[in-house]
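Let's take a walk through a protein chain together.

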Amino acid sequence: MSALPHGKLVLVGFMGTGKSSVSRLLAEKLAWDRTDSDEEVERAENRKIPDIFAQDGEQAFRDMETKELRKLLESSQSLVVATGGGAVLREENRSVMLEHGYVVALTAHPEQIIARVMQDEARPLLQGDVRERVYGLLETRKGAYDFAHLSVDTTELSVEEVVDLIVNAWKQHGASQ
């Protein structure tokens, strides 16, 4: 992998598109560290995200997310960063991602997302009717991931196939710089 540039590979996308799974294999393949912005917020706050949402609200969580994301992306180490699904909602976050990394948007068909997240009670934005919430949030976030350098539909791909697509596209991107 020595032909690859150093830096950051940033995975964005709606919940359930595979950011966590893809980031783990991608980091392993590149022999880089991997982190998740949601995990960093939980570590910094010493609380789980649903508790942060319940106690402080979504806006406070988004502030914490921005702070941790900036810290991760401005560090000097090569890193694979999986972001929370809503990290792209702030222009400041999108700008820092593009400034410091190669951004990959993972997408999936809504029904595939629903199947993947249906049993996950740790997602505060999915309280209530999961199908209705997923479709509503997808509509609200339509176009939010379009700023990424690359978009990969994970609906019918294995994690390995997604990782290979990302690495190949990133190589080409680095070669064209």
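Is Ser-23 buried or exposed? Ser-23 counts as buried, because its relative accessibility is 0%. The cut-offs behind that word go like this: buried means under 20% relative accessible area, exposed means over 50%, and partly exposed is in between (1.4 Å probe, protein chains only). You'll find Ser-23 in helix H1, residues 19–30. Helices (H or I, at least four residues) and strands (E, at least two) are DSSP runs, numbered from the N terminus. Leaving aside neighbours within four places in sequence, Ser-23 is in contact with Leu-11, Arg-34, Val-80 and Ala-82. Contact here means heavy atoms within 4.5 Å.

Before going on, a word about what you're looking at. This is a predicted model, in which local features need pLDDT of at least 70 and side-chain atom pairs count only at pLDDT 80 or more, while totals for chains, interfaces and linings use all residues. Residues are numbered from 1 along each chain as its sequence is written, and side-chain values use heavy atoms, with hydrogens and water left out.

Now let's head inside. A nonpolar core is a set of buried Ala, Val, Leu, Ile, Met, Phe, Trp, Tyr and Cys residues joined through side-chain atoms within 4.5 Å. The largest one here has 26 residues, and Val-12 and Met-97 are the ones that touch the most other members. Which elements give two or more residues to this core? They are strands E1 (8–13), E3 (79–82) and E4 (102–107), along with helices H4 (58–74), H5 (91–100), H6 (110–117) and H7 (130–140). Take a look around Val-12: not counting residues up to four places away in sequence, Val-12 touches Lys-19, Thr-83, Val-88, Met-97, Val-103, Val-104, Ala-105, Leu-106, Tyr-145 and Phe-147. Apart from this core lies another, made of 19 residues, and Leu-30, Val-80, Val-167 and Trp-170 are among them.

Next stop: helix H3, residues 49–56, where Ile-49, Ile-52 and Phe-53 are buried. Seen down the axis of H3, the buried residues fall within an arc of 100°, so they line one face of the helix. That arc is the one spanned by the directions from the helix axis to the C-beta atoms. On the face turned away from the buried side, H3 carries the exposed residues Ala-54 and Gln-55. And what do the buried residues of H3 pack against? Their partners are helix H2 (37–45) and H4.

H2 and H4 pack at about 105°, with their axes 9 Å apart. That makes H2 roughly perpendicular to H4. For the record, axes are lines fitted to C-alpha atoms, for helices over the stretch in contact, and angles run from 0 to 180 degrees between N-to-C directions. Angles under 35 degrees count as roughly parallel, over 145 as roughly antiparallel, 65 to 115 as roughly perpendicular and the rest as oblique. On the H2 side the contact is made by Ser-37, Asp-38, Glu-40, Val-41, Ala-44 and Glu-45, and on the H4 side by Phe-61, Met-64, Glu-65, Glu-68, Leu-69 and Leu-72.

Time for some charged pairs. A salt bridge is a side-chain nitrogen of Lys or Arg within 4 Å of a carboxyl oxygen of Asp or Glu, and by this rule the count comes to 16. One of them joins Lys-48 and Glu-42, at 3.7 Å from N to O. Lys-48 is exposed at 52% relative accessibility, and Glu-42 is partly exposed at 21%. Asp-56 pairs with Arg-47, their closest N and O atoms being 2.6 Å apart. Arg-70 and Glu-92 form a salt bridge as well, at 3.5 Å. This pair links distant parts of the chain, with Arg-70 in helix H4 and Glu-92 in helix H5, 22 residues apart. Arg-34, Asp-36 and Glu-39, meanwhile, are linked in a network of salt bridges.

Finally, two loops. Ala-31 has a positive phi of about 60° although it is not a glycine, and it lies in the loop between H1 and strand E2 (33–36). Asn-46, also not a glycine, has a positive phi of about 55°, and its place is in the loop between H2 and H3. Ala-31 counts as exposed at 69% relative accessibility, and Asn-46 counts as exposed at 71%.
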